[in-house]
Amino acid sequence: MIPLSWFLAVSAILFVIGFFGVLSRRNAIAILMGIELMLNAVNINVLAFWRYTQPENPAGLVWAIIVITVAAAEAAVGLALFIALYRLRTTVNIDEVDLLKG
Amino acid sequence: MDGLLFLIPALPFLAFVLIVLFTNQDQKVSAGLTIGATAVSWLLGWYFAFRAFFDPHGVAEEPIRLSIPWFPGGYSIFYTGFQVDVLTAVMLFMVPFLCFLIFVYSVGYMEGDPRFSRFFAYLALFATGMLGFILADNLLLAFIFWELMGVCSYLLIGFWSFRKPGETHIDHAQVKRARAASIKAFITTRVGDTIMLAGMVLLYAMTGSLRWSEILAPETLEKLADKIVSMPVFGVAPWATVLAILIFWGAIGKSAQFPLHVWLPDAMEGPTPVSALIHAATMVSAGVYLIIRTFPLFHVVAEGSNSAMWFVAFIGTFTALFAATIGIAQFDIKRVLAYSTISQLGYMFAALGIGAYIAAAFHLLMHAFFKALLFLGSGSVIHAMHHGHHVSHEHGHGHEELPIEFNPNDMRLMGGLLNKMPRTAWTFIAGGLSLSGFPLITAGFWSKDEILADAWHGGHMIVFWTLAIAAFVTAFYTGRQIFMVFFGQPRSEAAKHAHESPNSMTVPLVILAVFAIAAGWVGIPETFPGLGAVVRGWFQSLMGAQLEALHLEHETLPFNAAPLLISMTMAVGGLFVAWLIYGRKPLGYEDPLARPLGGLWQAWHNKYWVDELYQATVVAFAKWLAHFLYNFDDRWVIDPIVDGVGRYGRRFAGAVRRFIDEQIIDRIVNGTAWVSNVLGEFLRQIQTGQAQNYLLAILITVTVLIVLGIGVG
Amino acid sequence: MALFDQWVLTIILFWPLLAAIIVLFIPQDQEDRIRRFSIWMSMVPLILSTLVFVDYGVRFLQGTGGLQYELQVAWIPQLGASYHVGADGLSVPLIFLTALLTTLSLYYSARTIHHRVKEFFFLFLLLETGMFGVFMALDLVLFYVFWEVGLVPMFFLIGIWGHENREYAAIKFFLYTLVGSVAMLLAFLALYFVTGTFDIVKLTEIKPLAGNLWLASLVFFGIFLGLAIKVPSWPFHTWLPDAHTEAPTAGSVILAGILLKLGAYGFLRLLLGILPHAFAYWGWVIVGLGVISIVYGAFVCMAQTNLKRLIAYSSVSHMGYVLLGLGAAGVALSGTVSFFDKNSAALAIDGALLQMFNHGIITGALFFLVGILYERAHTFDLTRFGGLSGKTPYYYGIFMVAGFASLGLPGLAGFWAEFFVFRGAFDIVRIWAAIGVIGVVVTAAYILWRIVQSVFLGEFNTEWEGKLWDMTGFEKVTLWPLVILMFAIGLYPAPLVNFFNRAAVELLTQAGFMF
Amino acid sequence: MVLQAIFILVALFTIGCALMVVLHRNLFISALFLIASFFGVAVIYVLLEAEFIAVAQILIYIGAIATLIVFAIMLSRGMMTGRTSPRNAQALWAGLGSVILGIALLYVVAYRVQWPVVQKDVPADAIARLGSALVGRYVIPFEVASVLLLAALIGAVMIAREKEV
């Protein structure tokens with residue numbers, strides 16, 4: 001049997017990689033991709049714990065499904081935003097978008 | 001009825017409160033309240049006084065008492081209250097009665113003053129102080145009333161100090177003098193009082209009580225006399241002596257004895273002559289009363305250089321002569337009386353110092369009557385001079401050329417007033433004779449003679465001869481005053497136009513004149529040839545009861561012609577010399593003695609320059625010290641050190657992290673505005689609008705937290 | 001009744017904090033509402049503390065003394081620190097004084113503070129909680145927290161609403177007291193490491209470090225420094241004149257009236273209570289500093305031309321009496337001098353406590369009075385006034401009462417403190433007390449010479465013609481309670497002395513003094 | 001053993017692909033690696049015996065999201081060319097922080113926690129249970145998620161469409 005911690009380790013590494021992508025990329029779509037990676041990492045975690053603690057309880061699965069759903073929604077909205085942004089400012093480089101600067 | 005004791009001081013106090021709070025606008029009601037309250041106090045006071053007179057031994061042994069617990073101290077409880085014994089009764093006979101007369105007199109005298117009501121409020125407060133003081137059954141309560149009198153004296157002396165010049169008959173210089181005098185009086189007496197406070201707390205510490213009955217009990221006194229204290233500078237002495245001298249300093253201040261006498265003559269700046277009267281005739285006798293009251297404490301170590309008695313005798317004797325000589329060279333009618341007061345109080349202390357308890361009390365009482373009379377008389381004269389001045393102005397005699405500035409108090413401008421105002425004149429002369437101790441008929445003679453006889457009998461020859469000379473001087477300046485004021489020719493228009501004062505002022509004069517002459521007869525010694533058999537030394541036996549209660553022996557002096565004759569000679573001789581110099585021929589504006597006496601006259605006239613001396617030493621030193629310490633504090637040492645530490649600390653910190661210093665510390669100083677500014681600046685800098693920056697911050701924070709969590713857990 | 005016992009102090013303590021928080025939610029522009037709300041809210045602790053005062057008095061008469069109204073709730077169990085409050089004869093009058101002066105200050109400030117009203121009232125209410133806390137805390141951590149809570153609002157009160165040189169004064173005040181409190185905190189920690197508890201009641205029973213004089217002295221002086229700066233004792237006093245001169249009127253009132261008392265209170269609660277041996281050993285230091293403060297402060301007053309600064313220095317002098325009384329008790333405790341009356345030690349402490357209370361009333365009133373003058377003339381310069389007694393008789397009258405009370409006139413409150421202090425001190429430390437007595441004379445001199453003569457007597461300066469009006473209604477309302485208290489205590493001090501005396505006797509007995 | 005070996009391989013594959021996603025300059029290639037990475041994750045799901053989720057992963061992530069991303073990339077031309085650096089100024093710090101965080105997390109996962117693992121099998125009717133749970137106990141989250149999805153779709157359309165001027 002594969003130890004639980006292996007899954008957690010993979011999940012952690014994926015999460016960190018995704019997070020690094022989010023932090024370091026300039027392109028908005030690349031950032032979105034980083035986020036997707038992080039969400040996957042989370043899902044691995046959720047499912048791993050479901051499997052190794054309460055496999056008879058479907059709650060873990062429900063969680064995973066909801067995460068996937070939300071990811072989809074987020075991707076849709078995010079990409080729509082990027083397109084709108086691109087149309088408006090002909091860039092999707094996120095460090096050029098600083099309207100919130102104080 | 002004993003429970004009503006507290007009403008005697010409480011009623012005038014009530015009047016004071018009512019006037020200040022409610023009736024300030026209504027002069028008649030205010031005066032009525034004060035006089036009414038005092039009248040009731042007077043009647044009550046006489047009720048208790050006569051109870052004591054009719055049963056002196058009973059009351060002396062078991063005083064009439066009223067006592068309540070006051071406050072706790074450690075495991076003891078301090079009781080306070082009022083009591084009447086024979087000594088109190090004697091004072092109670094005199095004080096409220098005199099107060100009443102003075103207050104009635106004031107109605108006429110203060111008429112038309114814009115602060116009439118306030119004046120009566122102060123008078124009522126004064127009556128409270130004096131009555132409470134004599135009734136108090138412990139030193140602490142007495143001290144409170146004692147200081148209350150001090151405040152009243154401050155208020156009354158300075159009563160005209162903030163008047164606009166010209167508003168009434170007060171001129172500019174007088175306003176200034178009044179202001180200085182009131183503060184001087186308070187602070188000078190405060191010096192004495194503070195020393196007395198020290199004595200009082202020590203006494204309290206050593207005896208555990210301040211009640212007369214307990215601190216003056218023989219066993220307590222024995223204890224105090226046996227305990228020895230060694231002090232730096234002063235050496236070794238029994239505690240009783242130290243305490244007595246400390247307490248005596250309070251009396252020195254209050255009764256204006258040398259060296260704290262300087263305030264009393266200046267106190268004459270108060271509304272003439274009412275406050276002066278209060279200061280001179282009644283209040284200052286509080287000091288004498290206090291020493292009479294605590295006499296056993298002085299007397300317990302009676303012999304040797306360790307005794308407080310010789311100190312009292314020395315101060316008293318010295319002051320008696322010292323002040324009398326100054327009195328010779330004064331022109332202000334009230335100042336002469338002020339110095340005579342100081343001198344006469346010196347007599348009383350001298351008497352106490354040689355152990356003549358009864359004589360001191362007797363002289364205290366007699367002095368109060370005749371000095372009150374003299375002050376009221378002088379007030380009447382000043383009143384008349386003042387009116388005369390006005391009248392002469394109205395009649396077009398205003399361009400009078402005088403070699404000296406007009407001052408209604410100045411005796412050089414009077415003269416010949418006997419015909420203008422006979423009632424005032426004759427009563428004043430009666431008082432004057434009593435003050436000089438004119439033989440046989442006047443009260444002053446009997447009381448002064450008693451002191452001299454005691455001194456002679458006790459073998460205190462230095463005291464005797466000094467007092468005898470002082471008696472001569474007293475008679476001399478009194479005669480000088482009488483001749484300058486009432487005889488000869490008027491030396492100014494004002495004196496020419498002067499006329500008799502209203503009845504409300506002269507009636508008290510007449511009543512007091514009767515007392516000034518006749519009151520002394522109660523104290524004719526039993527051994528006096530002829531008269532003694534009639535009176536049988538009533539006063540002496542009365543006070544004798546008190547002495548017995550205090551377990552002090554008292555003896556009836558055998559008759560001795562020598563001191564009697566010396567005393568008579570001095571009195572008559574003084575008056576005669578005064579007539580020779582001042583009464584025989586018309587006077588000019590310069591004193592006939594000024595030229596022949598030269599420097600001595602200058603010394604007397606300038607009061608031996610004591611004021612100037614104090615100004616140059618004590619006051620100047622205090623001011624210098626104050627400035628020195630302030631500079632030490634603020635400019636030279638302490639604050640510069642603090643600032644320096646701060647500055648160098650800051651510089652040090654600045655060298656290390658100037659940025660933080662400027663960005664943070666300075667902004668803290670500027671308060672919240674800056675803090676929010678700084679915060680805003682900071683937030684602005686980190687708020688880049690870049691979500692990625694924020695996320696990085698989150699990453700770092702989380703990382704740090706986790707790493708820390710690993711480290712800790 | 002049990003409910004009252006347990007919770008009344010907590011309610012008094014946190015009510016102002018609650019009010020302060022609510023003030024934050026009132027819109028800034030509704031200044032009148034903020035003012036009215038704050039004043040009414042501050043009435044609650046005042047009423048409650050009056051109730052406590054009366055209730056404690058009743059208990060006193062019934063014979064129960066000591067700590068009452070105790071409440072102990074675990075707070076930081078890991079440290080052994082708890083929320084432990086209580087009040088005894090020492091603190092009940094001071095709590096009442098705090099509530100009274102705060103309400104009066106708020107009432108007075110409502111008419112005189114016109115900018116940043118919201119912040120002012122917020123800080124003031126916060127300050128009140130801090131002061132209450134110090135007087136109630138029976139736990140060192142709690143004590144320290146409230147000690148600091150009292151510091152910060154005062155810093156802002158001086159720094160924002162002060163006069164010309166406010167920033168310098170504020171930072172000086174802050175740094176000075178901060179240095180002191182850091183030293184104090186270290187000493188607290190030392191106590192904790194020795195005993196393992198922060199609880200003052202327990203520490204008082206344990207009396208730690210009794211055998212180790214060296215360490216005890218170190219701890220003693222750590223706490224001493226914090227307290228002496230706050231009192232302030234010479235030579236740690238120089239923040240006071242600046243802070244007072246620059247602070248707004250109400251700030252000065254609270255500073256002089258309450259904050260200085262925190263230090264003196266600490267002397268009794270902490271030093272005498274917890275470290276009686278060191279306190280006794282070093283009692284003469286306290287006596288010496290006290291006497292120097294008395295005389296020195298009084299003389300420096302004579303050299304002042306700034307009215308407010310003068311009164312500030314007079315505080316140094318007057319707080320010297322407190323130190324003299326406390327130190328004398330310490331010397332008595334040490335048993336190295338012989339004295340006549342066992343009650344002297346208790347009387348000295350009574351005097352010190354009375355002086356704390358009375359100085360709060362009297363100097364509070366004086367600062368109000370100076371503030372009233374400043375409102376009209378916008379200067380503190382003594383030399384520019386004169387002859388006010390004729391122009392503003394009411395003001396003159398009240399000022400004279402306060403002034404006479406300040407110089408210790410019998411019949412007014414100030415006298416009793418002096419009397420008791422000297423009654424105790426003269427029996428125990430005679431020479432020092434004799435030097436201290438000089439201060440009494442000088443006090444009379446500066447009150448009359450410097451203040452009364454320059455401001456009230458003499459000639460009226462025409463510069464002020466028509467600009468100086470007599471006291472108005474709200475100013476009278478502010479001052480009358482204080483004046484009434486001066487008279488009431490002056491004539492019949494027993495209610496206060498009863499409390500103080502019981503507390504003093506208890507403290508001394510606990511410290512091992514044999515009556 | 002076999003499972004473990006497979007797991008290691010899949011994990012390495014997934015991680016490698018993920019790294020390429022965040023590191024590669026060319027956005028389009030990044031997107032392709034993302035798809036590969038999603039596959040790896042799906043396999044891991046299978047290894048966790050969550051077949052249903054694995055299927056959902058492939059359908060939704062690869063079928064929908066990845067396609068969407070590729071479309072978006074292609075819609076905004078010129079982005080793939082990489083004429084500027086794909087990384088921003090803070091990349092170095094982010095990398096450093098990420099590495100430290102990763103190490104810390106791995107440390108925690110490996111050494112610091114005793115996970116309460118139970119040896120149980122997944123019940124045979126897991127998917128049936130899931131279905132009934134979705135319409136039973138968890139119906140409200142489920143419905144909320146659907147509403148969210150609907151709203152997101154409508155919103156995306158609204159945002160992305162050209163403004164009629």
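This is a predicted model: local features need pLDDT of at least 70, side-chain atom pairs count only at pLDDT 80 or more; totals for chains, interfaces and linings use all residues.
## Chain A: confidence and make-up

As for labels, residues are numbered from 1 along each chain as its sequence is written, and chains are lettered from A and ligands numbered from 1 in the order in which they are written. Averaged over chain A, pLDDT is 84, and 87% of the residues score at least 70. For the model as a whole, ipTM is 0.64 and pTM is 0.75.

Chain A has three helices and zero strands, giving the pattern α-α-α along the sequence. (Helices are DSSP runs of H or I with at least four residues, strands are runs of E with at least two, and both are numbered from the N terminus.) Of the 102 residues in chain A, 61% are buried. Here a residue is buried if 20 or more other C-beta atoms lie within 10 Å of its own, exposed if 12 or fewer, and partly exposed in between, with C-beta atoms placed from the backbone.

## Who touches whom

Which chains share the most contacts? Of the four pairs of chains in contact, it's A and D. Two residues are in contact if their C-beta atoms, placed from the backbone, lie within 7 Å. On that basis, 61 residues of chain A meet 74 residues of chain D. On the chain A side, α1 (4-24), α2 (28-53) and α3 (59-89) each supply at least two residues, and α3(A) gives the largest share, with 21 residues. That side of chain A splits into 46 nonpolar, nine polar and six charged residues. For these classes, Ala, Val, Leu, Ile, Met, Phe, Trp, Tyr, Cys and Pro count as nonpolar, Asp, Glu, Lys and Arg as charged, and the others, Gly among them, as polar.

Chain D also touches chain B: 10 residues of chain B are in contact with 12 residues of chain D. The chain B side has seven nonpolar residues, three polar ones and no charged ones. Chain C, on the other hand, has no contact with chain A, and their closest C-alpha atoms are 25 Å apart. No contact joins chains C and D either, with closest C-alpha atoms 25 Å apart. Chain D itself averages a pLDDT of 83, and 93% of the residues score at least 70.

## The two domains of chain C

Chain C is divided into domain 1 (1-274) and domain 2 (282-515), with bounds from an automatic or database domain assignment. The centres of these two domains of chain C, taken over C-alpha atoms, are 21 Å apart. Between them, 44 residues of domain 1 contact 41 residues of domain 2. The largest share of the domain 1 side comes from α10(C), with 13 residues. By class, that side of domain 1 holds 26 nonpolar, 15 polar and three charged residues.

Now for a helix pair in chain C: α3(C) and α14(C) (residues 343-377) pack at an angle of about 5°, their axes 10 Å apart. Axes are lines fitted to C-alpha atoms, for helices over the stretch in contact, and angles run from 0 to 180 degrees between N-to-C directions. That makes α3(C) roughly parallel to α14(C), a label for angles under 35 degrees. Among the residues making this contact are C:L97 and C:L101 of α3(C) and C:F357 and C:F368 of α14(C).

## A few residues to look up

C:F367 sits in α14 of chain C. Why does C:F367 count as buried? Because C:F367 has 27 C-beta neighbours inside 10 Å. Apart from its neighbours within four places in sequence, C:F367 contacts C:T249, C:S252, C:V253, C:A256 and C:I311.

C:H378 lies in the loop between α14 and α15 (388-391) of chain C. Its phi is near 55°, a positive value in a residue other than glycine, and C:H378 counts as exposed, with 9 C-beta neighbours inside 10 Å. There's also a cis peptide bond from C:V231 to C:P232, with omega near -10°. C:P232 is in the loop between α8 and α9 of chain C.

Key. pLDDT is the predictor's confidence in each residue, from 0 to 100. Angles under 35 degrees count as roughly parallel, over 145 as roughly antiparallel, 65 to 115 as roughly perpendicular and the rest as oblique.
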